[in-house]
Amino acid sequence: MVGRDGRNRGGRLLPLAALLVATACEPRAVTPPADTVATVKLGAGSFSATVRRTAHGIPHVLADDFASLGYGYGYAFAQDNLCELANVLVTVNAQRSRYFGPDATYPAPLGGDLINLKSDFFYQSIVDAGTVDALLAKPAPLGPSQDARELVRGYAAGFNRYLRETGVDALPDPRCRGAAWVRPITEHDLYLRYYQLSLFASSGFFLDALVDAKPPALLPDGSLPLPLPVPASLDRNVFPHSESMGLGSNAFGLGGQATRNGKGMVLANPHFPWEGSERFYQAHLTVPGKLNVSGVSLLGVPAILIGHNETLAWSHTVSTAYRFTPFELKLVPGSPTTYLYDGQLRQMTTQTVTVQAREAGGSLSSRQHTFYRSHLGPMLEYPAGLMTWNGLTGYAFADANASNLRVLDTFFAMDRATNVEELRQAQATWQGIPWVNTLAADAQGRSYYADMGVVPHVTNAHLARCVLSPIPLLILQQAGLPVLDGSRSDCAWGTDADAVEPGILGPSRMPHLTRNDYVTNSNDSYWLPNPAQPLTGFPRILGEENSVRSLRTRLGLKMVQGRLAGTDDLEGQRFTLEQLQTVMLNNRAHSGELLRDAAVALCRRTPFVLMADGTFEDLRPACPVLAQWDLKGNLDSRGELLWRVFIFNAVAVTGGPYLVPFNPADPVNTPRTLNTLHPQVAQALGTAIRTLRTRNIALDATTGSVQGKRKNGVFIPIHGCSHDEGCFNQISNRLLPDGTYEPVLGSSFIMAVSFTDAGPVAKSVLTYSQSNNPASPWYADQTAMFSQKQWVDMRYTEADIASDPALSITQLQE
C-alpha cells in the first residue's frame, strides 16, 4: 500500500496507464483491468479492497463483498478522520471523565455544551443495561441483517489496520497523536455509535434532563414540594425538531415534468454541524452487481446516507415529528417513587451506574449515579417548571428510538434501491429512519417525499383521550408535544399491524407523496411538499397542517415555481443541472425580498427612534445601506449584515412583524408586508445599528468581510445567510471576540444530481472539506471552493475515476 507521502506500506501503487488506455474508447462504465482488483480467494474473515482516491481525497472503494467494502471504507476514513471517530467512541463508551475530566465539557451536536460526567452517566446506563447487545441478538429486521454485520465487521478491521500500521504515536493528526484514548475499535463500539445516532433527536437531546431526574427532597416541614407555577409561554426552542434543534436542511426532488431532459433530478442541502461528531464524510462504494452508491455518511457509518446510485438519488431534511412522549405519572403522597397505574400501585426501579473520573492530580476515582425508571420509561426532570418531579407528579420519558438499531440497514437498503418505489419499500420494511424526511427522484422521472420514520403510535383520538393536565396542554398548544396520562393503560402507545415493532406508527399511517413534477422540504411539516397536493389527515405528532411555513420553505417553493414558470431570469422553463446549481447558491434572502422596501421607507420617515432604554437612536445611516443592498448574502453583498441583525430582532416583535397574516389558502405568499406602525419594528432597526457599532462593523460591510472560516491561519470568506432571513443557503454562526462570524452549522454537503441517458451526472461540495485534520491536504480545499461557488465532479463511472489527474490507487488485503 502506498500512503499519501508516496512511501510503500505493504501494498502497491497500481499502474494508471492501463486504466487510462482501457477507458480511451469507452465513455461509460469500464471494467477495471485485472491488476486493479485482488483475484486471490481469501479465507473466511479475510478482506480485499481497492481504494481509488480522486481529487479532494474522495475515496472510491471497490470490493467483491460487503465485509471487504467496509474494510476499505474503514481504512480510508481512518486516514482522514481517525481522531473524530475515536473521540465519538470515547463518548458512547462513557469514558470522557476518565480521559478528559468530569467537569470538562464537549460541544453538543445541537448547540451548547454537555458536561462529561453527565454524558458518561447517560451512556454508562445504556452499556450496563445491555441495550445494544439485546438488539444485536434479535433477528432482522429488529436486529442487523447479515449484510450489515459484514459491513461493520470490515469497517472496524479496516480502521484498525490503519491504526496498527501508523501507530498511535505517529498519527498525522496532532489532536490525538499519542493520546491514551485512541485504541483499536470493536464492532460493538460502532453499534453503540449507531444507537447514539438513533437517539440524536430524542433521549440524546434530553441527556441532561434524564440525568438530572431524582426524587424530590423533603421540605423543612417534612412535606414534599408541590408543582411549580405553569410558565406563561414557551420558547420556540424548548423541544427538539427541525429548526428548534438548530439543525435544518433543504431538498428538492424533481420529476420529469420539471427537468429539461424529462428524467429525475435531486438537490441535497443538509444543514449540519461543521465540527464534531455529526460531520459528513464523502465516499463512493462499489460491490459489482450488488452496490454502486456515491455520497456522504456520518462518522463511522459504512453506508451512504445522502447520495445517488445508477438510477436513484435522495436527500434528507430534519422532520417535525416527535420521536418521544413524556408520560405524566400520578405519585403516591409521601412516596415519590410510587405511582398509580390503572388504580394499582407500582414501584419505580433503579439503576446505579459507576464511571471512572480523572481527578486534578491525575488519579482515577469512582463516581456513581442512580437513575429511576417507571415501566413507561426513565424519569425526566425538565427545567422552567415544565416537567418537574414533585410530591404529586413526575414525568417518564418514552423514546420510540430506544429499540432502534435498524438505522444502518435502512440506509443500506436505500443505497441498493433502483427507483422511488423500491426506496419506499426499503423504508417501510426496516422502519429505521430515526428523525428525518426523505426526498428523492429516479431516472424514470418520478419525485418522492416521505416522513417514513420512527414515531410513537399516538393518534389524534389518543390525544383527545389522554392529554389532561394543564402543563401538558400548554406544551401541546405551543410546541405540539403530546404529554400523555401515565396513570392509565389505555393511554400507552398503540400499535399498527404493519409496524415493524409495537408502539410506533406503521408505514400506512406515514405521509408520503410521489409526483411527476416536484417535491420540496425545508424542515416544515409534511403538509406542503407540493402546494398542488397538500398532505392532510395525519396524526398531530407528525407535525402541523394548514400552518405557516418558514421563509426558507416558501423561498424553496418559489424558486421551483419560478423556474417552471420561466420567471427567474434563467433560460427555459425546466431545470438543467447547471440551473439547479445556480438556484442553490443564489443566496437570496427572502425576508429582504418581502420587507426591505418597507423597512427603507420606515427608516426615511422616522430618522430617530425612541429605544426601550429611553434613549434615541439615529436611523438615518441605515437608510442608504438597506436601499442599495442587493437582497442577497453573497460575499460582496453590502447591507446583509445589517439586515441580519434587524430581522432577528423583528421576528421577535410582539404579535409578529407582518401586516398581512398567514392564509392557509395562500401559504407560499403569506404572511407578508412589514408592519411599520409597530414601534418595536423601528426599535429592531435601531438595535441592529447599535449592535454593529458595538462590534466595530461598518453598516455597509460586505458579508464576506465578516463571515468566514479560519483554517490554518487563513480566513476563508463564506457566503450565505441565516434562517430568520429566509436564506436557502443557510449559514448559522457563532460570534468570535474579533467581531467576525464563524460558521458552526448550515450548508454542509451540497449535491445536485441529474439522470441522463448515459447515467447519473452529479456535482457536490463538502463545505468544511473532507478531513478535520489540520495537517491534511483535504482540510480546507473544498471550503475554499465553496467560498467561490465552485463544485466538485462526483466521479461515478470507472472511466470518470480513471481519468482524474489526481487519481491514486491503494490495494488492501488482510
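At what angle do helix α6 and α9 pack, and how far apart are their axes?

## Packing of α6 and α9

Helix α6 (residues 146-166) packs with α9 at an angle of about 100°, and their axes lie 10 Å apart. Axes are lines fitted to C-alpha atoms, for helices over the stretch in contact, and angles run from 0 to 180 degrees between N-to-C directions. Because angles of 65 to 115 degrees count as roughly perpendicular, α6 is roughly perpendicular to α9. On the α6 side the contact (heavy atoms within 4.5 Å) is made by Asp 147, Ala 148, Leu 151 and Val 152, and on the α9 side by Leu 408, Asp 409 and Phe 412. By class, this contact has five nonpolar, no polar and two charged residues. Ala, Val, Leu, Ile, Met, Phe, Trp, Tyr, Cys and Pro count as nonpolar, Asp, Glu, Lys and Arg as charged, and the others, Gly among them, as polar.

## Basis of the model

This is a predicted model, in which local features need pLDDT of at least 70 and side-chain atom pairs count only at pLDDT 80 or more, while totals for chains, interfaces and linings use all residues. Residues are numbered from 1 along each chain as its sequence is written, and side-chain values use heavy atoms, leaving out hydrogens and water. Helices (H or I, at least four residues) and strands (E, at least two) are DSSP runs, numbered from the N terminus.

## Cavities

A search of the whole structure finds six cavities of 30 Å³ or more. A cavity is a set of points on a 1 Å grid over the protein atoms alone where a 1.4 Å probe fits but cannot get out, and its lining residues have an atom within 4 Å of a point. Grid points are joined across faces, edges and corners, and a volume is the space filled by probe spheres set on the points.

The largest cavity holds about 220 Å³ of space. Its lining has 19 residues, of which Leu 298, Leu 305, Phe 411, Trp 435 and Val 436 are the closest to the centre. The lining comprises 16 nonpolar, three polar and no charged residues. At least two lining residues come from each of α7 (187-198), β6 (265-273), β10 (312-318) and α9 (407-415).

## Backbone features

The peptide bond from Ala 140 to Pro 141 is cis, with omega near 10°. Pro 141 is in the loop between α5 (131-136) and α6.

Ser 769, although not a glycine, has a positive phi of about 80°. Ser 769 is buried (under 20% relative accessible area), at 0%.

Conventions
On a 1 Å grid over the protein atoms alone, a cavity is a set of points where a 1.4 Å probe fits but cannot get out, and a pocket is an open set with protein on both sides within 12 Å along at least five of seven lines; lining residues have an atom within 4 Å of a point. Angles under 35 degrees count as roughly parallel, over 145 as roughly antiparallel, 65 to 115 as roughly perpendicular and the rest as oblique. Buried means under 20% relative accessible area, exposed over 50%, partly exposed in between (1.4 Å probe, protein chains only).
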